[in-house]
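Dear colleague,

I am handing over the structure we spoke about, so that you can look at it beside your own notes. Please open it first and then read on.

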Amino acid sequence: MTTVILTIDTATPAVSGGVVRLDDDGTITTLAERVTVAPRAHAEQLTPNVLGALADAELTVGDVAAVVVGCGPGPFTGLRVGMASAAAFGHALGVPVHGVCSLDAIGIHTTGEVLVVTDARRREVYWARYREGVRVGGPSVNAPADVPVDAAAVAGSPEHTALFDLPRLEPVYPTPAGLVAAVVDWAGPAPLVPLYLRRPDAKPAAPR
């Protein structure tokens with residue numbers, strides 16, 4: 001028996017909607033993926049990418065048995081769009097929604113000691129460290145100079161991996177297969193919790 005899973009990630013500039021088949025033996029097959037690299041167009045691009053991926057896979061929302069969404073770390077607006085959309089799909093379809101660390105969806109398919117970095121803006125990066133695909137440090141947010149570089153290679157956002165004097169690996173953004181592989185417990189999805197890691201830029205106005 002196979003399970004069709006819808007994947008969503010908006011934690012990076014890559015607005016991703018994907019469709020994955022999960023077999024009983026744990027085999028993960030990406031059936032389709034639509035990605036638009038648009039750091040300020042998450043709300044506009046996500047739903048078309050999700051529906052486009054389903055169409056490419058020749059499936060409908062009625063075939064979806066679960067939703068997996070990247071919960072960051074990432075910018076506030078992007079995460080809200082992705083997580084709210086995943087929750088809406090899950091509620092409308094009556095299927096479970098599983099949240100995962102978006103950095104895990106990059107690092108889980110790497111081997112050796114690997115640093116994964118993505119854009120945190122403000123001249124900072126979100127980062128986590130992996131050993132044979134298992135997270136052993138982070139996630140955290142720092143200026144690149146303050147990230148502990150005790151790794152053999154780096155993966156993630158191309159313009160930010162270039163800041164580290166390490167060999168660069170694929171993938172550069174969370175993938176549908178990586179998101180599904182990062183799910184820890186299929187039996188009981190936990191409440192979705194965004195990994196913001198810092199306070200929002202917007203602040204309430206001071207009283208007059």
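Below is what was found in it, taken topic by topic.

This is a predicted model, in which local features need pLDDT of at least 70 and side-chain atom pairs count only at pLDDT 80 or more, while totals for chains, interfaces and linings use all residues. Residues are numbered from 1 along each chain as its sequence is written, and side-chain values use heavy atoms, with hydrogens and water left out.

The helix pair

Helix α1 (residues 42-56) and helix α2 (residues 76-93) have axes that come within 10 Å and cross at roughly 35°. Helices here are DSSP runs of H or I with at least four residues, strands are runs of E with at least two, and both are numbered from the N terminus; axes are lines fitted to C-alpha atoms, for helices over the stretch in contact, with angles from 0 to 180 degrees between N-to-C directions. The crossing of α1 and α2 is right-handed, a term used if the near helix is turned clockwise from the far one by less than a right angle. On the α1 side the contact (heavy atoms within 4.5 Å) is made by His42, Ala43, Leu46 and Val50, and on the α2 side by Gly78, Val81, Gly82, Ser85 and Phe89. These contact residues divide into five nonpolar, four polar and no charged, where Ala, Val, Leu, Ile, Met, Phe, Trp, Tyr, Cys and Pro count as nonpolar, Asp, Glu, Lys and Arg as charged, and the others, Gly among them, as polar.

The nonpolar cores

A nonpolar core is a set of buried Ala, Val, Leu, Ile, Met, Phe, Trp, Tyr and Cys residues joined through side-chain atoms within 4.5 Å; buried means under 20% relative accessible area, exposed over 50%, and partly exposed in between, with a 1.4 Å probe and protein chains only. The largest such core has 23 residues, of which Ile8, Val50, Val67 and Val69 touch the most other members. The elements that give two or more residues to this core are β1 (2-9), β2 (14-23), α1, β4 (66-70) and α2, and α2 gives the most, with five residues. Apart from this core lies another, of eleven residues, including Val68, Ala105, Leu179 and Ala182. Valine 50, when residues up to four places away in sequence are not counted, touches Leu6, Ile8, Gly17 and Phe89.

Salt bridges

The structure holds six salt bridges, each a side-chain nitrogen of Lys or Arg within 4 Å of a carboxyl oxygen of Asp or Glu. One of them joins the side chains of arginine 135 and aspartate 104 (2.8 Å, N to O). Because arginine 135 lies in strand β8 (residues 134-142) and aspartate 104 in helix α3 (residues 102-107), this pair ties together parts that are 31 residues apart in sequence. Arginine 135 is partly exposed at 34% relative accessible area, whereas aspartate 104 is buried at 14%.

A further bridge is formed by the side chains of arginine 131 and glutamate 113 (2.5 Å, N to O), and it links strand β7 (residues 124-131), which holds arginine 131, with strand β6 (residues 113-121), which holds glutamate 113, the two residues being 18 apart. Salt bridges that share partners join Glu113, Arg129, Arg131 and Asp150 into one network.

Local points to look at

Serine 102 lies in helix α3 and is buried, with a relative accessible area of 3%. Leaving aside its neighbours within four places in sequence, serine 102 is in contact with Asp9, Ala11, Gly70, Cys71, Gly72 and Pro174.

Glycine 72 is also joined to proline 73 by a cis peptide bond, with omega about 10°, and proline 73 is found in the loop between β4 and α2. The peptide bond from glutamate 170 to proline 171 is likewise cis, with omega near -5°, and proline 171 is in the loop between β10 (168-169) and α5 (176-181).

Glutamate 58, although not a glycine, has a positive phi of about 60°; this residue sits in the loop between α1 and β4 and is exposed, at 73% relative accessible area. Arginine 121, another residue other than glycine, has a positive phi near 60°, but is found in strand β6 and is partly exposed, at 32%.

With best wishes
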